[in-house]
Amino acid sequence: MSEKYLAQPDLDFIHEVIGLGGDTLKKCFQCATCSVACPIAPENSPFPRKEMIAASWGLKDKLIGNADIWLCHECGDCTTLCPRGAAPGDVMGAIRSIAISEYAQPKVLAKAVNDRSQLPKLIAVPAIWLALMAFITVFMGDFMAKIFNVFGVHWYHGDHGGEVIAHANFISSWLVDATFVPLLTASLVVFALGLKRFVSDIHENAVLNGKTDKAELNFKELVMSTIRVIPTILLHKKFNECGENNSRATSHMMLLYGFVGCAIVTGIFFVVLYIFGIPGPYSQLNPVKWLGNVSGILIILGATLLIKDRMAKKSETSTFKDWYLLALVAGLGITGLLSEMTRLGGAKYLTYLVYYIHLIFVFNLFAFLPFSKMAHFVYRTVALGYAEYANRK
Amino acid sequence: MTIDNAAPAGGSILVVGGGISGLTTTLEAAEVGYEVFLVEKNPSLGGRVSQLNQYFPKLCPPTCGLEINYRRLKDSKNIKVFTLAEVEKVEGAPGNYTATIKISPRYVNEHCTCCGECEKVCEGEIDNEYNLGMNKSKAAYLPNNMAFPQRYVLSPSINPEDAKKCAEACKYGAIDLEMEAKIITVNVGAVVWATGWTPYDATKIDNLGFGKYQNVVTNMMLERMAAKNGPTAGKIMRPSDEKAPATIAFAQCAGSRDENHLSYCSYICCMASLKHATYIREQYPDAKITIYYIDLRTPGYKYEKFYKQLKEDKNVFFVKGKVAEVSEASNGNITVVAEDAVTGEKKRETVDMLVLATGMAPSLADNKPQADLKFNAEGFIVNDFEKGGMFGAGCANKPADVVSSNQNATGMALKAIQSLRR
């Protein structure tokens, strides 16, 4: 620990932690039970005892850039054993939420995503935008086709002689991708900028607190270490060490695989559509389609189990950030599968409506990825990679 | 001891519990002339203090304080003692209560001389509760060597064969197998509840391994081991192999200051562990002791000084960090895990024996009497001085050391007297 450290208490930070589910923070009396109760805390400088005191003193700078907050999987073993009901697990979750907002730019958007009162706006923006896209597709198809013809490109992706219901007839896949590709790119840029600061912060913090044997950060080695931890993440090895919330690891794993599956399917069909020029809907016999369906089911199952788990848990505080993400994930899965089922069932207008709602969810996922709790998959992955790189034990 | 000259006073007082607090209230009230009924549920007076090896502040053996109190008790004509007796209910109002007391049979009358012949012939054994079940005693037994009254007792679970043999062996006709439980009522103007405490059940603290690992003991067990009249005749040894422990760890706040167990500080456990360190250092000059704590509470000048002296000891180590994980290593050794909150390192230490500094649970918590009493959420009696009449004293009122209990018990004697004279 640096001898010349001058504590700069940030009172707003304390209130923020309290507001984001860490309302029990001030009950902590530093007995350090939590650091021992935690099955995944390292031996040297274990968490979350030191995070608890830093948070209650408002030492934001010691927490935001502290990779340890991301090593925590919020399994709640610490909360169960805590003699004061200070719920360190919830406090760590609140700190992570603040850290996400801290690294995501622009700040206004980060604030809005975590503010319940802004939710209508977050839904209205994509709802209006996608309605406009639907309007263009349905009413201005001929006009668009003419423009596209100038460049020698086919506008229609979904017209199979009017026999088959295709979502592209309602919102053109050109417009869908013209919406989501830039959106995802923007999100990735936000992540990249955030990560740059994040990595330098966590390294500085680790050096200052003797949590690493590396003085200079070697970026290439960090990337290699991050790749090395991917099997650990895929198998949820750390998550599975949790005692109290072990069941949550399985549900979370379903979600992860569901999302990975959907990402793969989307990627393949993107290539099929734009490179090979074969538009959907694709046959249900296609193995890629199977993967898509299984992934959708996994997402719904995982989300349902996690929601059930949260509703049953009295010991764990759930705030807007948690419900927003769970609702988003469940909504994505349900509307995704439903839009397919209604399409196959021949309910033309119903399937259009469900697809429209599904796209609103997708918009929320892509646009707010770096600002919502969803961003954990980036920061936690990098933090786990850093812990591997830094020899954090 | 001015009993005979004391001015006659009106009204009687019932004191429930014959431990150090109850004795104090009884004696203080009786010695100024009031009639006192002292009810004790065990076969002997003395309570928890009688189980200690030494007690604060002067580290006297319990005989020291208890003997003089028993002497005062014998000298007073105003005191009527009932052992093996429990208050079933108290009805009425301040100044006029009727208490119903159930007295269980002792099967031994006042002719007993403590010759011990009955014990010799008795074959059946029972858990020795005085030693917290660490050993057995015969079903015909003397509660302890400083028991008051000095009289044997037959366990209700004694088998009839043994009982008969005991009766035959007794030369003094002291064994009366016809004795039956009886119910008596007394009219009193005030009741003082000095019902004391019970060691918190350490098996409830699942992460500390008590009941799972033999060499995890409680502080009261250590106290019994250190006492000359205890199960090991005063030798501190670890239960699994009776080895002299070379390394000992203490886990403070084992159950205390913990919402999952006792939400309050039990007041004396820090001092108890410091005292236990002195027992161990005296018996084993080379033994190493580590005390794991949240913060050491040594209230007052004298206790602070005691702590300071012990800190000088090169073989006693203090670690700020609560033991939160316990496992068994080889040879019955115990591994404790804590985070040293000063260095921020997780510390694993393997020791010969672990002592849990368990706290005090109020005896009445799970066993509330039928009486007009108010309890807090933890089961301690909340005194209503406005209403008067009934009072909690000593550890029935709050966790305390002997000194504070006695001060409190003296005060409650006065409160009781005031209730009579209103």
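Me: Which residues of α17(A) meet α9(A)?
Reply: This is a predicted model. From α9(A) come A:L122, A:I123, A:P126, A:A127, A:L130 and A:A134. Their partners in α17(A) are A:Y356, A:L359, A:I360, A:F363, A:N364 and A:F368.

Me: How many residues of the contact of α9(A) with α17(A) are polar?
Reply: The residues of this contact divide into eleven nonpolar and no charged. What remains is the polar group, with one residue.

Me: At what angle do the axes of α9 and α17 of chain A cross?
Reply: Helix α9 of chain A covers residues 119-139, and helix α17 of chain A covers residues 348-368. Their axes come within 9 Å. They cross at roughly 125 degrees.

Me: Why is α9(A) called oblique to α17(A)?
Reply: Roughly perpendicular ends at 115 degrees, and roughly antiparallel needs an angle over 145. The crossing here is at roughly 125 degrees. That falls between the two limits, so the word for α9(A) against α17(A) is oblique.

Me: Is the crossing of α9(A) and α17(A) left-handed or right-handed?
Reply: Handedness is a separate point from the angle. When α9(A) passes α17(A), the crossing is right-handed.

Me: Now another helix pair. How closely do the axes of α11 and α18 of chain A come?
Reply: Helix α11 of chain A spans residues 173-208, and helix α18 of chain A spans 376-389. The crossing of α11(A) and α18(A) is right-handed. The axes cross at roughly 35 degrees and come within 11 Å.

Me: Let's step back to domains. How far apart are the centres of the two domains of chain A?
Reply: Chain A is divided into domain 1 (11-103) and domain 2 (113-389). Taken over C-alpha atoms, their centres are separated by 28 Å.

Me: Which element gives the most to the side of domain 1 of chain A that touches domain 2 of chain A?
Reply: The contact takes 26 residues of domain 1 of chain A and 33 residues of domain 2 of chain A. On the domain 1 side, α5, α6 and α7 of chain A each supply at least two residues. With seven residues, the one that gives the most is α7(A).

Me: How many residues on that side of domain 1 of chain A are polar?
Reply: Ten residues are nonpolar and four are charged. The polar residues number twelve.

Me: What is the distance between the domain centres of chain B?
Reply: In chain B, domain 1 is 8-104 + 181-196 + 363-420, and domain 2 is 202-359. Eleven residues of domain 1 of chain B and 16 residues of domain 2 of chain B take part in their contact. The C-alpha centres of the two domains lie apart by 32 Å.

Me: Which strands are the edges of the open sheet in chain B?
Reply: The sheet has five strands in the order β13-β20-β14-β15-β16, paired in parallel. An edge strand here pairs on one side only. In chain B those are β13 (216-218) and β16 (316-320).

Me: Which residue of β16(B) stands opposite B:T290?
Reply: Strand β15 of chain B (residues 288-293) pairs with β16(B) over five bridges, in the parallel sense. Opposite B:T290 stands B:F317.

Me: Which strand gives the most to the side of chain B that touches chain A?
Reply: Between the chains, 17 residues of chain B are in contact with 18 residues of chain A. β18 (334-340) and β19 (345-351) of chain B each supply at least two residues on the chain B side. Giving three residues, the top contributor is β18(B).

Me: Last one. Which residue does a cis peptide bond join to A:P106?
Reply: A:P106 sits in the loop between α7 (88-103) and α8 (107-113) of chain A. The omega of the cis bond is about -5 degrees. The residue joined to A:P106 is A:Q105.

Conventions:
Residues numbered from 1 in each chain as written. Chains lettered and ligands numbered in written order. Predicted model: local features only at pLDDT ≥ 70, side-chain atom pairs only at ≥ 80, totals over all residues. Domains from an automatic or database assignment. Contact = placed C-beta atoms within 7 Å. Axes fitted to C-alpha atoms, helices over the stretch in contact; angles between N-to-C directions. Helix = DSSP H or I, 4+ residues; strand = E, 2+ residues; numbered from the N terminus. Left-handed = near helix turned anticlockwise from the far one by under 90°. Parallel < 35°, antiparallel > 145°, perpendicular 65-115°, else oblique. Nonpolar A, V, L, I, M, F, W, Y, C, P; charged D, E, K, R; others polar. Pairing = 2+ DSSP bridges.
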